[in-house]
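Biologist: Let us go through this model by question and answer. Please put the sequence and the structure up first.

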Amino acid sequence: MRIMANQLEDREIVKRITNGEDPVFAVLIRSTEGLVAQIMFKMVPNAEDRKDLAQDVYLKVYRHIRDFRCHCKLSTWVASIAYNTCYNYLEKKKLILPDNLSTAENPGNDLLEKMANRFIDFSTNESLANLFRSELADVLEQAISRLPQVYATLITLFHYQELSYEEIMEITGLPEGTLKNYLFRARKALKTYILLNYKQEDL
Amino acid sequence: MSEAHLSEKEIQAFAIDQAHSPVHWTTHVNQCITCQHSVATYKLIFHEIKQQPAVAFDFDLAKLVVAQLPKPKAIGSSVLLMVLSWLTFLALSFGAVCYVLRGQFFNFIVTEPLINLLIVISASLLFLGLLLDVWMKFQEKIKVIDHIKLQH
């Protein structure tokens, strides 16, 4: 019998996994591993460690799924286990990047204006826009990789996964004020990095 | 036009959710080139983050994890032995009592069938209750042991 994750309510999934239905657990893994991967790729740089930690995350989920009380979405609960597992790993290995985002740097209005004008050009010149986007994607990837891991994860959860503040708070355990402040600092750092490092001759 | 530019925080909030921003922000941004550029830059960054390719594990995570899941536990041989011992003990005790009191017991069964039935039912219920209690205590102890194992 093929089981589709979206056909099952969280409560039903938990019940069936608790009753020893391993195929349902496999469905849960497949339906949440995308979100878990987003967190792990931002927090754990080493591929081998990611492989071990990903397995560790789901074994923890399996052991503790009886304790899940449906206070949030099951995927959010799984993501919180992934985040905490990665965070503990980083702390243990002393790999947490310091929060050294500089807010003093000012890219200057001329660069800002050129960047904004290129964005406005998207609608008028498609080939130019594609070229610009491709280069920008590379610079943005570099910029995100230079952020502290927690900031990069928050940016991904909010802007890529489009999770709400409540869901991100549930995953990370950060208070609302701290979460919003981290996101603000991370966005500002991305803007500064991109404006200062983008090939100026292309602007 | 209001002279004061929007703060960086306000610019970000405006770029994220223009529709629900205060009217005076919109009025200012519509008339201020500097703030328009800032908003446009943030919108570009947010747009590009959404366009990033999805990351994925390059191995079959579900297969690896499911292979490591603990197999369902069969009832332990020690538990089975304990239950069988109890049943044997009870059967032997019952047999011994029946043998010693065989004359009176037979008369009792024949003469007082209703009382006999009540005794049998009460004894059976008592026995089942005790058995259930032992089983629940056993499960609780196993759970505590599993929990201790998890913490290590």
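Biologist: Is the crossing of α2(A) with α4(B) left-handed or right-handed?

Modeller: Both elements are helices, that is, DSSP runs of H or I with at least four residues, numbered from the N terminus; strands are E runs of at least two. A crossing is left-handed if the near helix is turned anticlockwise from the far one by less than a right angle, and right-handed if clockwise. Where α2(A) passes α4(B), the crossing is right-handed.

Biologist: Which residues of α4(B) make that contact?

Modeller: Contact here is C-beta to C-beta within 7 Å, with C-beta atoms placed from the backbone. α2(A) brings Asp22(A), Phe25(A), Ala26(A), Ile29(A), Arg30(A) and Glu33(A). From α4(B) come Leu61(B), Ala62(B), Val65(B) and Val66(B).

Biologist: At what angle do α2(A) and α4(B) pack?

Modeller: The axes are lines fitted to C-alpha atoms over the stretch in contact, and angles run from 0 to 180 degrees between N-to-C directions. The partner in chain B spans residues 61–68, and the two axes are 9 Å apart. The angle is about 145 degrees.

Biologist: What should I know about the model itself?

Modeller: It is a predicted model: local features need pLDDT of at least 70 and side-chain atom pairs 80 or more, while totals for chains, interfaces and linings use all residues. Residues are numbered from 1 along each chain as its sequence is written, with chains lettered from A and ligands numbered from 1 in the order written.

Biologist: Which element gives the largest share of the side of chain A that touches chain B?

Modeller: The interface joins 38 residues of chain A with 33 residues of chain B. Elements that give two or more residues on the chain A side are α2, α3 (47–64), α5 (109–121), α6 (126–146), α7 (149–160) and α9 (176–197). The largest share, ten residues, comes from α2(A).

Biologist: How many residues of that chain A side are nonpolar?

Modeller: Six residues of the side that touches chain B are polar and ten are charged. The nonpolar ones number 22.

Biologist: Where is domain 2 of chain A?

Modeller: Domain bounds come from an automatic or database assignment. Domain 1 covers 5–92. Domain 2 covers 109–202.

Biologist: Which helices each supply at least two residues of the domain 1 side that touches domain 2 of chain A?

Modeller: The contact takes eleven residues from domain 1 and ten from domain 2. On the domain 1 side, the helices are α2 (22–43) and α4 (74–92) of chain A.

Biologist: Is Ile45(B) buried or exposed?

Modeller: Buried takes 20 or more other C-beta atoms within 10 Å, exposed 12 or fewer, partly exposed in between; C-beta atoms are placed from the backbone. Ile45(B) is in helix α3 of chain B. Beyond neighbours within four places in sequence, Ile45(B) contacts Leu140(A), Leu190(A), Lys191(A) and Ile194(A). Because 23 other C-beta atoms lie within 10 Å, Ile45(B) is buried.

Biologist: How many other C-beta atoms lie within 10 Å of Val83(B)?

Modeller: Val83(B) sits in helix α5 (residues 77–100) of chain B. Val83(B) is partly exposed, and the number within 10 Å is 14.

Biologist: What percentage of chain B is buried?

Modeller: Chain B has seven helices and zero strands. One of its buried residues is Ser38(B), with 26 other C-beta atoms within 10 Å. Of the 152 residues in chain B, the buried ones make up 12%.

Conventions: Contact = placed C-beta atoms within 7 Å. Nonpolar A, V, L, I, M, F, W, Y, C, P; charged D, E, K, R; others polar.
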